[in-house]
Amino acid sequence: MSLDITRINPYFEDVMPQEYIDLEKNGSFGSEKRLGDLGAFKELLEEHPMCAGCHLALAFRVLVSSLPRPEDSILVGSTGCSSLAFTQLALHNIHSLFGNQNAVASGLKRALKLRFPNKVKDVIVMAGDGATADIGLDMTLHSWFRGENITTVMFDNELYANTGGQESGMSMCGAVLNMAPTGKKFQKIRVHELAISAGCAYVAVVSTAKPKNISECFKKAILIAREVGPTYIQIFTPCPTNLKIKPSDSKKVAAERFKGDYAFKEHITDEAREYLTSIKDAVKKEALETEAVLVSEDKEIPLEGG
Amino acid sequence: MNYKVLKGPEGYLPPAASLHGVCLPEKGEGIIEGKCVIRDVCIRHIAKSLLEAKNPTFFPGPLVIWRTTDYALERGKLIREIAKEADAKIIPMPDYRPKYPMINPSVEINPNHPNLTIWHNKIDVGIFIGVHCHQANLALKIIRGGTDCYTVALCAEEGHEEANASLRDTDNNTLKILLDIVKEMKKGGA
Ligand SMILES: Cc1ncc(C[n+]2csc(CCOP(=O)(O)OP(=O)(O)O)c2C)c(N)n1
Ligand SMILES: [Mg+2]
């Protein structure tokens, strides 16, 4: 049933715009895609209006291509540059008032649990650093304190990109920006540490310097959020427009910071680790059992004429 | 109040019909240009508008365009049959994304700028079906504000006061009745 919402009613197939036909026939609904498949299937996000060289857009593309079950995922966004991508996204999504995203996601996840008790619905927040760590910090932290089964992703471009370059709590100390001409006066907020002490079952600090790593951590975060508790992914996504660098240099900035202060960090609770192992074992067991059944069925088939 | 929900263009952002005192139809009723009438009268009026139009076009929305239920499947079949009888085109509204900078108006319609599709295809009668109510009202109001298209809303819920003509509780049985009436009218039996 859940996949049926992504299938075109055959009575309208001949009048559907091509992009929907492509999404149905060659999209990621109902089939897990890997990052390596990018370019070989119809993506859920296309023709977005973000700036050239925007690494938030790159991270967004990687994330939506890595969803374990896109047909059962609902993304919650907030005000900021990422909201420009949401309008082009072929997935259920909600735009929330700036800062409210984790509160909206909490309610949504709870409602979905009641409405679809036998189904997994992944609720994922994707918002900027301003939304997550400044105006929405209260909502972010409290959703973690309450142990909500949601994943929170922060696109950390270390400033308010959408409104022209104000400093955010995530800007580096001393950062000089369009609207912070004298430089930021205090340290970058350590949200990943807050996430750990607030009770997140899985926390990863990643960077667009390593897209595959983003994809792997994101998948883990979603799986853990289903059963164990809240999860948090913080992605460094340099903004060439506000950093005043060439679009092609975003990659260089990400790589340099990855080697320096924006290196990969991962925290996983014992419970979450056990859960990951248990589902891996279950998948393996299921595969083995299916194989055994196939083999035994093979044996039982009487040979024709034999 | 005697406000009539006539076809536009009424001007940029016309006031909501409900603010002029237009009420939704009761069970067993439909609504024509702001006035509630008995259901059969409304069905016949819709059939007539369809047949008299130069370029009638159905706008099926997400509730019928996707294969969610067998009911939606059958609804699709009936819509195609009515459209065929009335020689109407079909332009889908597959979802409600604003899709910046612009949708392709020759193949789809969008609730955020439905006027583009209507202007582009010179549609004089547009029939909404399977569109979630709040999105339908948004589209209907924009169309009434900026185009001279006559709008019909075949609503499975309580009907649409923003449409020029609308039925409530339009289940598949009602669609069958509409289909029969269209056929009958075509034969000249009306
Ligand atoms: C309640 C509210 N306050 C302020 C704003 C103005 N506003 C829009 S986007 C934005 C900054 C967004 O920054 P961030 O979350 O880091 O996202 P980015 O644009 O950098 O991706 C602000 C302050 C708003 N839209 N709503
Ligand atoms: Mg930002």
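1. Chain A has 306 residues, for which a compact globule would have a radius of gyration near 19 Å; the value for chain A is 21 Å, which agrees. This radius is taken over C-alpha atoms, and the globule rule is 2.2 Å times the number of residues to the power 0.38. Along its principal axes, the C-alpha trace of chain A spans about 90 × 50 × 40 Å.

2. This is a predicted model, in which local features need pLDDT of at least 70 and side-chain atom pairs count only at pLDDT 80 or more, while totals for chains, interfaces and linings use all residues. Residues are numbered from 1 along each chain as its sequence is written, chains are lettered from A and ligands numbered from 1 in the order in which they are written, and side-chain values use heavy atoms, with hydrogens and water left out.

3. Chain A contains 11 helices and 7 strands; these are DSSP runs numbered from the N terminus (helices H or I, at least four residues; strands E, at least two). Of the 306 residues in chain A, 50% are buried. Buried means under 20% relative accessible area, exposed over 50%, and partly exposed in between (1.4 Å probe, protein chains only).

4. Helix 2 of chain A (residues 55–65) is mostly covered, with 9 of its 11 residues buried. Among them are H55(A), F60(A), L63(A) and S65(A).

5. The loop between helix 1 (18–26) and helix 2 of chain A holds E32(A). This residue counts as exposed because its relative accessibility is 54%. E32(A) and R69(A) are 37 residues apart in sequence, and their C-alpha atoms are 7.2 Å apart in space.

6. Ligand 1 is surrounded by 16 residues, the closest being C81(A), D129(A), G130(A), A131(A) and A161(A); a residue is included if one of its heavy atoms lies within 4 Å. Helix 5 of chain A (residues 129–135) supplies the largest share of this shell, 4 residues. By class, the shell holds 8 nonpolar, 7 polar and 1 charged residues. Here Ala, Val, Leu, Ile, Met, Phe, Trp, Tyr, Cys and Pro count as nonpolar, Asp, Glu, Lys and Arg as charged, and the others, Gly among them, as polar.

7. An oxygen atom of ligand 1 lies 2.7 Å from an N or O atom in the side chain of D129(A). Polar backbone atoms also take part: one of A161(A) is 2.9 Å from an oxygen atom of the ligand, and one of N162(A) is 2.9 Å from an oxygen atom of the ligand. The protein covers 77% of the 590 Å² of accessible area that ligand 1 has on its own (Shrake-Rupley method, 1.4 Å probe).

8. Since D129(A) lies in helix 5 and N157(A) in the loop between strand 4 (151–156) and helix 7 (191–198) of chain A, the pair ties together parts that are 28 residues apart in sequence. Both D129(A) and N157(A) are buried.

9. S171(A) is located in the loop between strand 4 and helix 7 of chain A. At 1% relative accessibility, S171(A) counts as buried. Its side chain has a polar atom 2.7 Å from the backbone oxygen of E158(A), and the side chain of S171(A) also reaches the backbone nitrogen of S168(A) at 2.8 Å.

Technical notes: A polar contact is a pair of N or O atoms within 3.5 Å; within protein, one must be able to donate a hydrogen and the other to accept it, and residues adjacent in sequence count only if both atoms are side-chain atoms.
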